[in-house]
Amino acid sequence: MKKTIIILTVMFAANFSFAQMPEKFVKAMEALVPAVDTTHSVDGLSELANAFERIANAETNQWLPFYYAALCNVSAGTMIGAGGDMMAAKGDKTDPYADKADALLAKAEALMKDNSEIFIVKKQIATLRMLGDPMNRYMTYGPEAAAALEEAKKLNPDNPRTFLLEGSDKFYTPEQFGGSKEEAKKIFEEGIKKYESFKPESSIHPTWGLPQLKYIMGQIQ
Amino acid sequence: MKTIIQAIFFLSLIGISELLSAQTIVTGKVTDKKNPLRGVSITLKNSYDGATSDSTGKFSFKTFERGEFIFTATSVGYKPFEQKITLEGKGTLTIDIILKEEVTELSAVVISAGTFEASDRKKAAAVLNPIDIVTTASAEGDVTGALKTLPGAQQVGESEGLFVRGGTASETKIFIDGTLVNNFFQSSTPNIASRGRFSPFIFKGTVFSTGGYSALYGQALSSALILETIDLPERPSASLGLSIIGVNGGYQSLSKNKRSSVGTSYAYTNLTPAFAVFKQKQNYSQAPELHSGDANFRIKTSKTGILKYYGYFNSSRLDFTTNSIDSIGYKDRFGLTNFNMYHNLAWKENLGHGWKLNAGLSYTLNKDKIKSGLKDGNKKDVILTGLEFKKFNLDLDGNYMNAKLVLEKRLKGISVLRFGGEYNFSNEKSLFTLYTGQQFAQRLKENIRSLFVESDIYITNNVAAKIGTRLEHSSLLNKSNIAPRISLAYKLGKQAQASLAYGIFYQNPERRYLPSPNELTFMKATHYVAQYQKVTGATTFRTEIFYKKYENLIKTGNVNGRDGIAINNSGFGDAKGFEFFWRDKKTIKNLDYWISYSFLDTKRDFLNFPYATSPNFAAKHTASVVIKKFVQAWKIQFNGAYNYASSRPYYNIVPSGTGYKFADMGKVPAYNNFSFAFNYLPTVGNQNAKNFAVYVLSISNVFNVKQVYGYQYSYNGLRKEQIVPPSRMFVYIGAFFSFGIDRTENAVNDRLF
């Protein structure tokens, strides 16, 4: 009996520590995660993505490094896609980033199902694919992006990043295509409240987006 | 004391060196042998340590790890680099890396000689995509109309089909999802080009080969048009279209798990209102009226496998008279009813271990009833002496079955081996009823069995070859042929490549010249194509030169009082020329344009030609300019197209002794056509739009320029008359809507599965 309890306790403890994040891992992640909000160059984001991917490949049962690696790849691609003439086709440059992000996110999703944050990145990937050739792809990837954002909201209505993405879409879409700076502002204001009340699960769970939101909001007069 | 101090000093030294030796500095440079590579991810496998190479290819990082590690360097487009290293916890480890390019579909040279590819596939060489086809002004929403703005195709307006590089329309074969399509176009009407039966919206990819096409396809001397139907839709939707020529509606469902879909649509076309506004040369007692419908289902059979069905039917009729050239004051009557049914089943599957399967099965039933005759001024049927032959009925009944199986095995890298077989069955019955009531029935059965093998061999990213051969047997001819094909492609730079293609192509004599009293054989064409292509993200430049040699073309004669019957294979000919294509989507913002030019020098002796000469469907110079300008503020796309063809020859060929002679010949004026179209897209760019609307206004031949396609002669050869379009200008107005359906409202669909 005593033996069984000990075995069970040991097993439980082992299990518990397995679900827990090793200290070394947390420390390495803590050093990188804040950079998500402060890195604003394609090279910088690619470098950050590589750093996350290294951790991901060493800690293959943790979803967060895969998630962050996907996020940094999609951000790097979006920086290229949104630059210059928005409507021009540049899929040859942006699609490799979307492909990379897709592959990494699939690994994250395999470890963590039905997570609002994962659908945030899915939405960003669909938007990046659309940016690759807006004239020909908006009918395919527009609805896909919208569906992913819907799902992110459904899974966590308080996720502040859904407000960031929704507001950015409203802000960057030309008015004749349904964009509106005013509506964007309202969404951002709501978003700020959500950021303030948002409690991440741990020191390395996603909290990013507030500086970006404030930056875009600052452009609305 | 001294020793103690020494000992402490010694110990502290050890301490310091211990501290220093705790980490190793790993540094180095990544190149592709010639140039430094930036952004390469450097990793110590199973550790967190690593770096990313900078713009000079250099990297450096510190690590506290000790022992044996696998050091890796990875970058998209390069083969991963791995090396075992031992970290001793001290010093600097310098590793210089040379990454080798990986042969990938994205970076490899594309075997492209002779082909134009129009699809959304990433694999470059996409010259036109499906949306381009719909928005090309002169195409009038017809798949082949858009292809006529590409080099290689002629601007023939008096009959349907693609006349490619000196070939007749029947030398171009059309394939849907791999299998041959019979009766791709609506049934022929004298001097009017029929439209294709299929909507351009059902296709996601188009490969238009103007020479040197793959061994997977056969029975086409000049060209293969390979169309691929769309897969599962993104979401369920309903569609509605209204235009001056008719109405259409459709519904496309999608199962909840997005693994299967079912759809159907129906269209009713009636040209009566349009013809009331745009006066036609023909006097219609029944304007073209068409009921057509289609149905589809698509089922994902596995992660990569899909089973697709597309079915189509139409029932159409028309009846008109034109002033008879043979007898002044009288009118020629032409009446046509058509019933057509087409079914296509295609299955694609990944079988694992690098094996892929592509199978297709199609069936066509086509029934034409043609009524010809002569009418007097009061529209009464008459029979005039000497012109009795003008009155006849012709009933055609065709059954066609095509099956194809292709197995593909992935070899080293992205090289592949494909092989398989094809079976084409046709059974055509015709019943010819003379003015006397006398009937002539005929039946022609044909079985063509083919085997083919082909390999795409990628030697490096820069060099690739496609080598194939095709074996065919025709039961009707009771003969076999073997047709080797080879293409080579060489990458000249990041975006430029050169290609060469050579191939032999066989085709059966056209069935309308059969049966022949004599033994016939396959007609034969040999293609030589050289291409240079440079494709950047937004521009495409392509130029080709070609030489095509024709042998064993059909010669026709008079057999038992019937003219135009194949008598032997002594015809021959050749075609040579060069072509340019330039497309630019970036130089001017929101403006997309392409220019194509073709030079063609061709002569042939075929059918009843007395000697080899340039045929009446071949113009020496053909050019097109297509412009698409999208004005974001108005959400309107302005599409313009200009098509030019230099003058074409025309002939009156009449019997002379045992053969034929040119009784008259000349040249028609050059052909010019300006077309404009406006597409208003109120929902474009709106990411959250569930409904899409497109409003279309298109005008062909805007400047009302007179266009002459050729001449026709009276039976006695004394009079000739220009063949011109039915109306000089045509205006098309339409509105198309697609309504996305929310999942919540989609309960009905889920019950279907």
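In the predicted model, 36 residues of chain A are in contact with 33 residues of chain B. Contact here requires C-beta atoms, placed from the backbone, to lie within 7 Å. Helix H4 (42-58), helix H6 (91-111) and helix H8 (134-155) of chain A each supply at least two residues of the side that touches chain B. Helices (H or I, at least four residues) and strands (E, at least two) are DSSP runs, numbered from the N terminus. H8(A) provides the largest share of this side, 11 residues. By class, the side of chain A that touches chain B comprises 16 nonpolar, 8 polar and 12 charged residues. In this scheme Ala, Val, Leu, Ile, Met, Phe, Trp, Tyr, Cys and Pro are nonpolar, Asp, Glu, Lys and Arg are charged, and the others, Gly among them, are polar.

The model is predicted: local features need pLDDT of at least 70, side-chain atom pairs count only at pLDDT 80 or more, and totals for chains, interfaces and linings use all residues. Residues are numbered from 1 along each chain as its sequence is written, while chains are lettered from A and ligands numbered from 1 in the order in which they are written.

Chain A has 11 helices and 0 strands. From the N terminus on, its elements run α-α-α-α-α-α-α-α-α-α-α. Of its 221 residues, 45% count as buried. A residue is buried if 20 or more other C-beta atoms lie within 10 Å of its own, exposed if 12 or fewer, and partly exposed in between, with C-beta atoms placed from the backbone. Among contacts in chain A between residues at least 6 apart in sequence, 64% join residues at least 24 apart.

Chain A is divided into domain 1 (38-156) and domain 2 (158-221). These bounds come from an automatic or database domain assignment. The centres of the two domains, taken over C-alpha atoms, are separated by 17 Å. Across the boundary, 9 residues of domain 1 of chain A are in contact with 9 residues of domain 2 of chain A. On the domain 1 side, the elements that give two or more residues are helix H7 (116-131) and H8 of chain A. H7(A) gives the most, with 4 residues. The residues of this side divide into 4 nonpolar, 2 polar and 3 charged.

H7(A) is also mostly covered, with 15 of its 16 residues buried. From its first C-alpha to its last, H7(A) reaches 23 Å, close to the 22 Å expected at 1.5 Å a residue. The expected span is 1.5 Å times one less than the number of residues in the helix.

Chain B contains 5 helices and 40 strands. Its C-alpha atoms fill a box of roughly 145 × 60 × 50 Å, taken along the principal axes. Buried residues make up 37% of the 753 residues in chain B. Of the contacts in chain B with a separation of 6 or more, 61% are between residues 24 or more positions apart.

Strand S40 (residues 730-740) of chain B pairs with strand S14 (residues 237-243) of chain B in the antiparallel sense over 7 bridges. Strands pair if DSSP finds at least two bridges between them. In this strand, B:Phe736 is the bridge partner of B:Gly241. S40(B) also pairs with strand S37 (residues 691-700) of chain B, again in the antiparallel sense, over 10 bridges. Here B:Phe730 in S40(B) is the bridge partner of B:Ser700.

In soluble globular proteins, nonpolar side chains tend to be buried together. The largest nonpolar core has 58 residues, of which B:Leu147, B:Leu162, B:Phe163, B:Phe175, B:Ala224 and B:Leu225 touch the most other members. Such a core is a set of buried Ala, Val, Leu, Ile, Met, Phe, Trp, Tyr and Cys residues joined through C-beta atoms within 7 Å. Strand S13 (residues 223-229) of chain B gives the most to this core, with 4 residues. Leaving aside neighbours within four places in sequence, B:Ala224 is in contact with B:Lys173, B:Phe175, B:Ser209, B:Tyr213 and B:Tyr217. A second, separate core of 55 residues includes A:Ala70, A:Ala76, A:Ile125 and A:Phe163.

B:Gln722 is found in strand S39 (residues 720-723) of chain B. B:Gln722 counts as partly exposed because it has 14 C-beta neighbours inside 10 Å. Beyond neighbours within four places in sequence, B:Gln722 is in contact with B:Val708 and B:Tyr711. B:Gln722 and B:Leu476 are 246 residues apart in sequence and 39 Å apart in space, C-alpha to C-alpha.

Key
Two residues are in contact if their C-beta atoms, placed from the backbone, lie within 7 Å.
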